[in-house]
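Here is a short briefing for a first look at this structure. Read it with the model open beside you.

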Amino acid sequence: MNSKHVAFDELDRKIVAALIANARTSFAEIGAAIGLSATAVKRRADRLRENDVITGYTATVRPAALGWRTEAFVEVYCDGAAPPRRLAEVVRNHPEITSAMTVTGGADALLHVRATDVGHFEEVLERIRAEPFIRKTISYMVLSHLLPDSAEAGARDAAPDLTPEPVLGDAANLR
């Protein structure tokens, strides 16, 4: 990661906000909205990417649409002081772990786990607990997302929008 100070002005904030809202927005569309040319927007976006402000572009999907219907957070308690790099090695071996972090408090780490169903989650939990330095885990099953449009919820909308996309040139369908 680049550690030098990055100049970040209001136009950069608007570009980043537009890309967060929809990473497929063209530089021309962003430019028209904020008063810059497409070339100027591209130049700024390239600079933001080079300076690790923008770290990538992604699609947000509903995990349930991909078969991941069960979600939980798992507190992990280790014997002794398990170094973060050792915990990182372990979590990389479990594709069901979507994020993991060391934390303050009683637990050593917090894992976000997605599984196809409760049986699959139980199998994942057994694999995690089989690690020799893990003393115990405490799991919290997710019942619902209070902020359904958050990245953690894995969706941009609370429910899938099945309405067709507007057709270009059809003014009645434009937002």
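Helix 2 and helix 3 are roughly perpendicular to each other, because their angle of about 105° falls in the range of 65 to 115 degrees. Their axes lie 8 Å apart. The model is a predicted one.

**Helix 2 against helix 3**

- Helix 2 covers residues 27–34, and helix 3 covers residues 38–50.
- On the helix 2 side, the contact uses F27, A28, I30, G31 and I34.
- On the helix 3 side, A38, V41, K42 and A45 meet them.
- By type, the residues of this contact split into seven nonpolar, one polar and one charged.

**Helix 1 against helix 3**

- Helix 1, residues 10–21, also packs with helix 3.
- The angle here is about 85°, and the axes are 10 Å apart.
- Helix 1 and helix 3 are therefore roughly perpendicular to each other.
- Helix 1 brings L11, D12, I15 and V16 to the contact.
- Helix 3 answers with V41, R44, R47 and L48.
- This contact has five nonpolar residues, no polar ones and three charged ones.
- V41 of helix 3 takes part in the contact with helix 2 and in the contact with helix 1.

**The chain as a whole**

- The protein chain holds five helices and four strands.
- Starting at the N terminus, the order of elements is α-α-α-β-α-β-β-α-β.
- The chain has 175 residues, and 30% of them are buried.
- Take the contacts with a separation of 6 or more: 64% of them join residues 24 or more positions apart.

- T70 lies in strand 1, which spans residues 70–78.
- T70 has a relative accessibility of 11%, so it counts as buried, the cut-off being under 20%.
- Beyond four places in sequence, T70 touches V113, R114, A115, T116, D117, V118, F121 and M141.
- L110 belongs to strand 3, residues 109–115.
- With a relative accessible area of 26%, L110 is partly exposed.
- L110 and F73 are 37 residues apart in sequence, yet their C-alpha atoms are 6.8 Å apart in space.
- Neighbours within four places aside, L110 is in contact with F73, V74, E75, S99, A100, M101 and V103.

**A loop residue: D52**

- D52 sits in the loop between helix 3 and strand 1.
- Most residues other than glycine have a negative phi.
- D52 is not a glycine, but its phi is positive, at about 60°.
- D52 is partly exposed, at 31% relative accessibility.

**After strand 4: A151**

- Strand 4 covers residues 134–141, and A151 is in the segment after it.
- A151 has a relative accessible area of 65%, so it is exposed; the cut-off is over 50%.
- A151 and T60 are separated by 91 residues in sequence.
- In space, the two are 7.5 Å apart, C-alpha to C-alpha.

**Rings and charges**

- How many aromatic pairs does a search of the whole structure find? The search finds zero.
- The ring of Y77 does have a charge over it: the charged end of K136.
- That end of K136 is 4.7 Å from the centre of the ring of Y77.

How values were computed:
Residues are numbered from 1 along each chain as its sequence is written. This is a predicted model: local features need pLDDT of at least 70, side-chain atom pairs count only at pLDDT 80 or more; totals for chains, interfaces and linings use all residues. Side-chain values use heavy atoms; hydrogens and water are left out. Axes are lines fitted to C-alpha atoms, for helices over the stretch in contact, and angles run from 0 to 180 degrees between N-to-C directions. Helices (H or I, at least four residues) and strands (E, at least two) are DSSP runs, numbered from the N terminus. Angles under 35 degrees count as roughly parallel, over 145 as roughly antiparallel, 65 to 115 as roughly perpendicular and the rest as oblique. Contact means heavy atoms within 4.5 Å. Ala, Val, Leu, Ile, Met, Phe, Trp, Tyr, Cys and Pro count as nonpolar, Asp, Glu, Lys and Arg as charged, and the others, Gly among them, as polar. Rings of Phe, Tyr and Trp (its six-membered ring) pair if their centres lie within 6.5 Å; planes under 30 degrees apart count as stacked, over 60 as edge-to-face and the rest as tilted. A charge sits over a ring if NZ of Lys or CZ of Arg is within 6 Å of the ring centre and within 35 degrees of the ring normal. Buried means under 20% relative accessible area, exposed over 50%, partly exposed in between (1.4 Å probe, protein chains only).
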